[in-house]
Amino acid sequence: MSMPAIILVEPQLGANIGSAARVMLNFGLTDLRLVAPRDGWPNPEAETLSAGAFEVGVRVSVFERTEEAIADLTHVHAATARPRGMEKPVHGAADSAGVLRDLVARERGGVMFGGESSGLSNEDVALADTILTYPVNGGFSSLNLAMAVGVFASAWGAVSRDTPEAFPPVSPPATREDLVGMFEHFEAELERAGYFYPPEKTPVMIRNLRAAFMRGNWTTQEVRTFRGAIKALALGRGQARISRDD
């Protein structure tokens with residue numbers, strides 16, 4: 001799958017360019033285009049904040065004008081938090097990523113982000129097909145440039161890849177034998193402490209305790225840890241360490 005280009009129009013800080021490149025590569029985006037970067041290019045500060053993204057994947061192209069940066073694209077989204085009085089479709093990050101995913105099989109798309117001080121100009125937005133906006137706090141809508149790129153990049157990663165597999169379990173699930181052994185251990189110590197009173201309510205109290213524990217999806221390691229805690233409490237303050245040392 002070809003990927004949308006990320007266009008930074010008149011970015012000011014090399015740190016933001018580097019951070020944007022880093023988060024782009026995190027989610028598989030490699031086409032970074034800069035329009036009239038204030039401090040020129042290459043930029044040592046960008047290199048530092050990129051965490052090596054420029055060396056291992058992100059390609060940078062530099063242009064003098066926005067029109068040049070998007071000349072080969074057929075569908076462009078303009079990221080802005082302000083209404084511009086233009087009749088254009090407005091999408092959130094997920095929808096924009098989905099539109100571009102569907103387009104890139106046969107066309108080339110991109111997303112424009114404005115510089116840190118004032119964002120995209122109306123002239124830049126006029127060149128876009130669609131407005132991209134985020135559900136930010138209306139009272140504080142100023143989003144760091146690299147963070148803004150990151151929101152879209154994450155949405156792109158979500159629509160362009162399969163759902164990631166769950167992390168492998170640290171410990172296998174506890175068997176019923178493990179759990180029953182833990183229950184009986186705990187209940188025996190509660191009995192010794194006089195917890196079950198009055199005696200006729202003991203079966204109900206045990207059922208309630210076991211029902212609560214069963215909701216925990218215990219692993220074998222968690223059972224061992226909890227049984228160790230029961231033993232420590234039963235031995236009393238300071239005795240558990242002595243028992244382990246023995």
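In the predicted model, helix 8 (residues 176–192) packs against helix 9 (residues 202–214) at an angle of about 135°, and their axes lie 11 Å apart. Because angles from 65 to 115 degrees count as roughly perpendicular and those over 145 as roughly antiparallel, the two helices are oblique to each other. The crossing of helix 8 past helix 9 is right-handed.

On the side of helix 8, the contact involves Arg176, Leu179, Met182, Phe183, Glu184, Phe186, Glu187 and Leu190, which meet Ile206, Leu209, Arg210, Phe213 and Met214 of helix 9. Of the residues in this contact, 9 are nonpolar and 4 are charged, while none is polar.

Aromatic residues were examined next. The count comes to 8 aromatic pairs. One of them joins Tyr195 and Phe196, whose ring centres are 5.3 Å apart with 75° between the planes, an edge-to-face arrangement. Tyr195 is partly exposed, with a relative accessible area of 42%, whereas Phe196 is buried, at 7%.

A further pair is formed by Phe213 and Phe226, with ring centres 5.5 Å apart; the planes stand at 65°, so this pair is edge-to-face. The pair links distant parts of the chain, since Phe213 belongs to helix 9 and Phe226 to helix 10 (residues 220–235), 13 residues apart. Phe213 has a relative accessible area of 15% and is therefore buried, as the limit for burial is under 20%. Phe226, with a relative accessible area of 22%, is partly exposed.

Both residues also belong to one aromatic cluster, formed by Phe183, Phe186, Phe213, Trp218 and Phe226. Within this cluster, Phe183 and Phe186 of helix 8 and Phe213 of helix 9 are also residues of the helix contact.

How values were computed. Residues are numbered from 1 along each chain as its sequence is written. This is a predicted model: local features need pLDDT of at least 70, side-chain atom pairs count only at pLDDT 80 or more; totals for chains, interfaces and linings use all residues. Side-chain values use heavy atoms; hydrogens and water are left out. Axes are lines fitted to C-alpha atoms, for helices over the stretch in contact, and angles run from 0 to 180 degrees between N-to-C directions. Helices (H or I, at least four residues) and strands (E, at least two) are DSSP runs, numbered from the N terminus. Angles under 35 degrees count as roughly parallel, over 145 as roughly antiparallel, 65 to 115 as roughly perpendicular and the rest as oblique. A crossing is left-handed if the near helix is turned anticlockwise from the far one by less than a right angle, and right-handed if clockwise. Contact means heavy atoms within 4.5 Å. Ala, Val, Leu, Ile, Met, Phe, Trp, Tyr, Cys and Pro count as nonpolar, Asp, Glu, Lys and Arg as charged, and the others, Gly among them, as polar. Rings of Phe, Tyr and Trp (its six-membered ring) pair if their centres lie within 6.5 Å; planes under 30 degrees apart count as stacked, over 60 as edge-to-face and the rest as tilted. Buried means under 20% relative accessible area, exposed over 50%, partly exposed in between (1.4 Å probe, protein chains only).
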